Amino acid sequence: MTAAWRVNLAAAVVLLFSMAGVAAMLDAIDRTRSGNAAEESLYLRSPKMLRRLSLGYTGLLADIYWTRAVQYFGEQHHSGTGDFRLLAPLLEITTELDPKLLPAYQFGATFLAPKPPNGAGLPGSALALMRYGIEHNPDQWRLYYNLGFLYYTELKDYAHAAQAFAQGAQLPVTNEFMPILAARMAQHAGEFDTARMLWFTTYQSTKESQIRENAVEHLLALQVDEDVTRLEQVVEKYRLQTGRWPGSMSDLERAGLIHGTPTDPKGHPYRLMAEGRIEVQDPQNIYFITKGLPPGAAPPQPPRQASK
Amino acid sequence: MNSRIGYIAFNTFREAVRDRVLYNLIAFALLLSGAAILVGEISIDIERLVVVNLGLTAVSLFGVVIAIFIGIGLVSKEIDKRTLYTVLSRPVRRWEFVVGKFFGLTGTLVVNTFFMALGVFLALLYVAHKFEKMDGWVLVALYFIVLQFLMVCALALFFSSFSTPLMSAVFTFALFVIGSLAEDLRGFARITHGLAGWIATAVAYVVPNFSALNVISQVAHGDAVPGRLILYNSVYALLYSTMAISGAVLIFQRRNLK
Amino acid sequence: MAAIEILDLEKSYLVGFWRKRQKLALRPLRLTIEEGEVFGFLGPNGAGKTTTLKLLMGLVFPTAGTARILGKNLDDPEVKSQVGFLPEQPYFYDHLSARELLNYYGQLSGMPAKGRSARVEQMLARVGLSDSAGLQLRKFSKGMLQRVGLAQAILHDPKLVFLDEPMSGLDPMGRREVRDLIQQLRNEGKTVFFSTHILSDAEALCDRVGIIHQGELRGVGAVADLTSETRGKVEIIFYSQTVPVGLTSLGAEARVSGDMVNAVVPEEQQDAALEVLRRERLRLISLTPVRSSLEEYYIQKLQPAEAGDDARADDSRDKENRKGAGV
Ligand SMILES: Nc1ncnc2c1ncn2[C@@H]1O[C@H](COP(=O)(O)OP(=O)(O)O)[C@@H](O)[C@H]1O
Ligand SMILES: [Mg+2]
């Protein structure tokens, strides 16, 4: 082997080892700094100052902060601490830098208002963010939709919700459900259908995967709630007809009140409990449900991996 | 260490000094004293914050500019001007030349940074009238900045080993910018799936992670830097520089001189 | 032992920006240079001289072939401490003074600190730069840089010195000094391999010359032979339309041009030839001894390849190097 080849070989070996080392160190650094990074990115909290420092590259900076917000939420959600303190400032900076970054508003509407561990528990911040968004994007029906959604789901303020949906319905470009939602709000009618329409619209109008998964879980939960309500009505009817609680689902079927064995959206049969209560087989499997739970059980929450 | 590497390093340092690279210190001193006097005047309890933020940011930017501008010419300029001919016709191995150049440039930057650091501490003393314990973290931030210089020099040298100075400057500067956002990139890679996710992950491992080396705002607020981060960053910067230098050696070994 | 053994070194460059094509800069070159020899590498611009030297210095890598210097491989670092190199139109670190540069190069060559600066001063004096030794090289003229280049090439007292066009850029005095310097190196027993396109320099200094053209070694010969062989001939020019038979039988090479004949005969046949002219009543125009030179040899070797091959067939001077001539 010549001298030159000895050097080549040595350099190649060093190169490979240092590459492996670099990768290992990067992971180690990431572990020491997770969370820390987002904190640091907020040392400069004044969006106005940031805007000045960005030397006009506000679009890029907004995208960076937007990515940070999504990543921060994902990481915190995953870690299960339920601590989303930085979500509001991150989104505020993002939208201040680029007020037209619509996905950021939708993200805020979905995750700022719900109570921990599903969100930051800051409906006020969520509402403020939507109003700021509408101010800068008055022709976007989604923002009115988000606003109405917040009033309805988080604050149960039907009047304001109706107003928001109605305003959004009048825009040149809008969604077919907007006028219907406005009407529903006004009548307080058909809770399940309204909620389903809301979550479906949310699902339809976004590409963000965390928001979509969240909407799907809510839609499934609505299905369960509705099923359980309906089944309990059937059981009640059976009792009125026969004077006793049904012993099993087949009793109901024999009485011609149901056809087949009713199952939840995940395919598990509903269970008929004592005193005509209906329960889901595996309450931990369907999140956000309010009905069909064992007595005293808390509504199940998505496991940590759910958002990943 | 191999004495030829030392000679080459010293000659590189001497060249930088004689090309008046250290004159940047004057600009730095003016900037810093101007800022110190100014914030001293307005005095709204953020003098220390401003001096540390501005001082360290300037140390980093000045140094990176110097590293890039000298680094990109280190090899290609010597090939262009043919000063290398009479060096490589001596018992100097090509890898020794590359490594010597690297040490020469980093040595220049260390000296430069030393004087700038003195300036920062003088300015701190001027606005705060005394040193505090948390000023020690400023030293850590300066150490991280030097680590950052090692990586920028190694990268500039790497590009310089096969590309023109202009292209090397573009590549190095681009990597500096991307590297400063490396943690965002890594975060992005984590939340992206499919092909884009793969690419983002690969890129995130290759680009230099300068964001973990930037603790300026942290120390400006007097926050501590975890000891483990100091360790990991040191090892990381050394390995990254080694990686770039061995790449440069592998390329330069084969290079036909003009 | 041979100082330089070139074993079929070959180099082609890739040229063109989009569509790369090969450009042959050096055809397989086989050449051996003995220790203590002063060898002149002669060829017009673009012949491949610099390419050969760069290959030997390891600055560019051969497409094929190898070479050995002082019995060692080209990439053997040991070799380099025994070798000095003056590149073509040399350029040096211009932030250094001549003295600093030589000191630095002395360090790189592994010269011990003791005696290094004395040696540097000695070299500066030898190339006539003692007065400007402290001046930064950026203030040096081309000729001065050439002198610095010579000084650095012999600084570490190498056994073997490669000089690429050492006389170029120098004034007549400078050329003179370089000639003297090469002469001294020869007297010290060094091997000198230098390239030039100036024949008189080669003729004055070299033991042997190699002639290279279009990347091909066209001939190698000892200068003494080249200039002596054609010595002892005379050129006779006279009025005639034909070559007299008597003259041809004397072994003359004759050529008719118009009403004149040009004939070259060996010196000892001069009287017999004049006798032939007198007998034929031909009027003599001139009679001059032929001063053949390297130049003729050179011009002959630069002819297109076929003509060169013919010429070589009756040329016994470069017999031993026939193989290396790339026939
Ligand atoms: N780096 C290069 N790239 C392409 N062609 C080259 C290069 N260097 C030399 N050549 C070509 O090789 C041939 C020989 O060049 P060179 O060795 O410099 O000639 P000389 O020194 O005898 O004047 C020339 O035709 C030249 O154009
Ligand atoms: Mg040449």
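Which residue of chain B forms a salt bridge with Glu100(C), and how far apart are the closest N and O atoms? Select Glu100(C) to begin: its partner is Arg18(B), and the closest N and O atoms are 2.7 Å apart. Please note that this is a predicted model.

**First stop: chain B against chain C**

Polar contacts link 18 residue pairs between chain B and chain C. On the chain B side, the elements that each supply at least two residues are α1 (3-18), α4 (76-81), α5 (85-88), α6 (94-128) and α12 (227-254). Of these, α1(B) gives the most, with seven residues. Colouring this side of chain B by residue class will show nine nonpolar, six polar and 14 charged residues.

Next, display the surfaces of chain B and chain C. Together they bury about 2,800 Å², and 53% of this area is on carbon and sulfur atoms. Highlight Tyr7(B), Arg18(B) and Arg90(B): these residues supply 23% of the area that chain B buries against chain C, more than any other three residues. In terms of residues, the contact takes 29 from chain B and 31 from chain C.

Thr50(C) belongs to helix α1 (residues 49-56) of chain C, while Glu88(C) sits in the loop between β6 (83-86) and α3 (98-108) of that chain, so the pair ties together parts that are 38 residues apart in sequence. Thr50(C) is partly exposed, at a relative accessible area of 21%. Glu88(C) is likewise partly exposed, with 27% relative accessibility.

Now select chain A together with chain B. Here 30 residues of chain A are in contact with 35 residues of chain B. The buried area is about 3,000 Å², of which carbon and sulfur atoms give 65%.

Three salt bridges are found across this interface. For one of them, show the side chains of Asp30(A) and Arg186(B), which meet at 2.7 Å, N to O. Six residue pairs are in polar contact between chain A and chain B. The side of chain A that touches chain B draws two or more residues from each of α1 (3-33), α2 (36-41) and α4 (58-79) of chain A. Its largest share, 21 residues, comes from α1(A). By class, this side of chain A divides into 18 nonpolar, six polar and six charged residues.

Note on methods. Residues are numbered from 1 along each chain as its sequence is written. Chains are lettered from A and ligands numbered from 1 in the order in which they are written. This is a predicted model: local features need pLDDT of at least 70, side-chain atom pairs count only at pLDDT 80 or more; totals for chains, interfaces and linings use all residues. Side-chain values use heavy atoms; hydrogens and water are left out. Contact means heavy atoms within 4.5 Å. Buried area is the accessible area (1.4 Å probe) that two parts lose on being put together, summed over both. A salt bridge is a side-chain nitrogen of Lys or Arg within 4 Å of a carboxyl oxygen of Asp or Glu. A polar contact is a pair of N or O atoms within 3.5 Å; within protein, one must be able to donate a hydrogen and the other to accept it, and residues adjacent in sequence count only if both atoms are side-chain atoms. Helices (H or I, at least four residues) and strands (E, at least two) are DSSP runs, numbered from the N terminus. Ala, Val, Leu, Ile, Met, Phe, Trp, Tyr, Cys and Pro count as nonpolar, Asp, Glu, Lys and Arg as charged, and the others, Gly among them, as polar. Buried means under 20% relative accessible area, exposed over 50%, partly exposed in between (1.4 Å probe, protein chains only).
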